Amino acid sequence: QVQLVESGGGLVQAGGSLGLSCRVSGRTMTFNAMAWFRQAPGKDREFVAAINWNSDKINYGDTLVGRFSISRDNTKNTVYLQMNSLQPEDAAVYYCGLERGSGNRRLVTSPSDYDYWGQGAQVTVSS
């Protein structure tokens, strides 16, 4: 059974930083692209960042470049998201996803392209 488990969410003041982790179990993630999405109450799931299988392709949501950083460690079957300069509008439940492809040709940004999801990690930003 494939499971993705996020950790590291919490409450942070505006301007602060948080790091999220997502560990995959039940299969290797080595040959799959991975991504982070987020969903605020009443809104659609929004693309945050994606990384291809060997970390040489990375893509970020338009407003997140320079503040968020995605990385992965295939030896630990884990993908990470470092979030800096957090603002109240970044508050959401953050989900990691495992994509069916490697991401070598292109990194997809639609939730429908991701086969497996974690349960989500709440990120709250106080102003």
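Phe-37 is buried, since its relative accessible area is 0%. Here buried means under 20% relative accessible area, exposed means over 50%, and partly exposed is what falls in between (1.4 Å probe, protein chains only). Before going on, note that this is a predicted model: local features need pLDDT of at least 70, side-chain atom pairs count only at pLDDT 80 or more, and totals for chains, interfaces and linings use all residues. Residues are numbered from 1 along each chain as its sequence is written, and side-chain values use heavy atoms, with hydrogens and water left out.

How many aromatic pairs does the structure hold? There are five. Rings of Phe, Tyr and Trp (its six-membered ring) pair if their centres lie within 6.5 Å; planes under 30 degrees apart count as stacked, over 60 as edge-to-face and the rest as tilted.

| Pair | Centre to centre | Between the planes | Kind |
|---|---|---|---|
| Phe-37 and Tyr-114 | 5.3 Å | 75° | edge-to-face |
| Phe-37 and Trp-117 | 5.2 Å | 70° | edge-to-face |

Strand names come from DSSP: helices (H or I, at least four residues) and strands (E, at least two) are DSSP runs, numbered from the N terminus.

Are the two partners buried or partly exposed? Tyr-114 counts as buried at 4% relative accessibility, while Trp-117 is partly exposed, with a relative accessible area of 26%.

Arg-45 lies over the face of Trp-117, at 4.7 Å from the ring centre. Arg-45 also lies over the face of Tyr-95, this time at 3.7 Å from the ring centre. A charge sits over a ring if NZ of Lys or CZ of Arg is within 6 Å of the ring centre and within 35 degrees of the ring normal.

**The disulfide**

Which two residues does the disulfide join? Cys-22 is joined to Cys-96, with 1.9 Å from S to S. A disulfide is a pair of cysteine sulfur atoms within 2.5 Å, and that rule gives a count of one. Cys-22 lies in strand E3 (residues 18-25) and Cys-96 in strand E9 (residues 92-99), so the pair ties together parts that are 74 residues apart in sequence. Why is the disulfide called right-handed? The torsion about the S-S bond is about 55°, so it gets that label. Cys-22 is buried at 0% relative accessibility, and Cys-96 is buried with a relative accessible area of 0%.

Strand E3 also holds Leu-20, which is buried with a relative accessible area of 1%. Leu-20 and Ala-121 are 101 residues apart in sequence, yet 8.0 Å apart in space, C-alpha to C-alpha.

**Into the loops**

Most residues other than glycine have a negative phi. Ser-55 has a positive one, near 70°. Ser-55 lies in the loop between strand E5 (46-51) and strand E6 (58-60), and is partly exposed, with a relative accessible area of 34%. Ser-85 also has a positive phi, near 50°. You'll find Ser-85 in the loop between strand E8 (78-83) and E9, partly exposed at 37% relative accessible area.

Over in the loop between E9 and E10 is Val-108. Is Val-108 buried or exposed? At 7% relative accessibility, Val-108 counts as buried. Val-108 and Asp-56 are 52 residues apart in sequence and 15 Å apart in space, C-alpha to C-alpha.

**The largest pocket**

A pocket is found on a 1 Å grid over the protein atoms alone: it is an open set of points where a 1.4 Å probe fits, with protein on both sides within 12 Å along at least five of seven lines, and lining residues have an atom within 4 Å of a point. The largest pocket has a volume of about 180 Å³, where volume means the space filled by probe spheres set on the points, and grid points are joined across faces, edges and corners. Its lining has 13 residues, and Arg-38, Ala-40, Lys-43, Glu-46 and Glu-89 lie nearest the centre. What kinds of residue line the largest pocket? Four are nonpolar, two polar and seven charged.

How values were computed
Nonpolar A, V, L, I, M, F, W, Y, C, P; charged D, E, K, R; others polar.
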